[in-house]
Amino acid sequence: MTKLSVNINKLATLRNSRGGNVPNLIEATKDIESFGAQGITIHPRPDERHIRYQDARDLKKVVTTEFNIEGNPVPKFIDLVLEVKPTQVTLVPDAENAITSNAGWNTLMHKDFLVDVIKTFKENGIRTSIFVDPDVEMVKGAAETGTDRIELYTESFAIEFAKGNKDGSVKLFAEAAEMAHQLGLGINAGHDLSLDNIKFFKEHIPNLLEVSIGHALICESLYMGLENVINMYLHRLK
């Protein structure tokens, strides 16, 4: 079964919009895990507009499943990850002003940088993953950095799937996943995955270990409830 890691950034956005501590991320995290999620993902950005750096420290004390911290490995982020020591760090090449993640790494151009950063994290017992587009050459480049896993950036899949181009939407991802597996890399995926498209994606991507889902899952929960939605994802991921 592919694991579900719930990204709680949107809960932090809601909290920050009003001030105070509602919704309470600690209690929400405990609930999400009790509802069956197998991981918690956060993506702190330098301006802390949703997840705050202190949230990462606080969540480390309560997460009992897998704790995944995503972000651009600027010095402040690296220091945070080394302090918190999550289960996994996912490296994402975000610009500081990006609304959300919008591209994978060019693993060939940034190979030397990624090698150094990944070495630091792995020496501290933290599993590493690199955010990549569904490009076989980028996957090959990722393998040369020493990373443990890749995370396939799935926005283009979601866009094509919504247009009805189901088979075409997933072809490049399946090829990238197959290459990653051949090279000994674990395979994660995330971005714009939803209840509508997750089952199809899972069925067509070999050796998919984990998906990270936040925006769609929280939006769907407004209508159907958090516990119900998490269990709907778990059922689709079997």
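Buried means under 20% relative accessible area, exposed over 50% and partly exposed in between, with a 1.4 Å probe and protein chains only. The views come from a predicted model in which local features need pLDDT of at least 70 and side-chain atom pairs count only at pLDDT 80 or more, while totals for chains, interfaces and linings use all residues. Residues are numbered from 1 along each chain as its sequence is written, and side-chain values use heavy atoms, with hydrogens and water left out.

**View A. Trp-105 and Phe-113 form a tilted aromatic pair.** The structure holds seven aromatic pairs; rings of Phe, Tyr and Trp (its six-membered ring) pair if their centres lie within 6.5 Å, and planes under 30 degrees apart count as stacked, over 60 as edge-to-face and the rest as tilted. In the pair shown, Trp-105 and Phe-113 are 6.2 Å apart centre to centre, with 40° between the planes. Trp-105 is buried, at 6% relative accessibility, whereas Phe-113 is partly exposed, at 36%.

**View B. Phe-157 and Phe-173 pair edge-to-face.** Their ring centres lie 6.2 Å apart and the planes make an angle of 75°. Phe-157 belongs to helix 7 (residues 155–162) and Phe-173 to helix 8 (residues 166–182), so the pair ties together parts that are 16 residues apart in sequence. Helices (H or I, at least four residues) and strands (E, at least two) are DSSP runs, numbered from the N terminus. Phe-157 is buried, with 0% relative accessibility, and Phe-173 is buried at 2%.

**View C. Thr-29 is buried in helix 2.** The helix spans residues 25–34, and the relative accessible area of Thr-29 is 0%. Leaving aside residues up to four places away in sequence, Thr-29 touches Ile-8, Ile-40, Leu-59, Val-62 and Val-63; contact means heavy atoms within 4.5 Å.

**View D. His-191 lies in a loop between strand 7 and helix 9.** Strand 7 covers 186–190 and helix 9 covers 198–204. At 15% relative accessibility, His-191 is buried. His-191 and Ser-169 are 22 residues apart in sequence and 14 Å apart in space, C-alpha to C-alpha.

**View E. Lys-76 lies over the face of Tyr-53.** The distance from the ring centre is 4.5 Å. A charge sits over a ring if NZ of Lys or CZ of Arg is within 6 Å of the ring centre and within 35 degrees of the ring normal.
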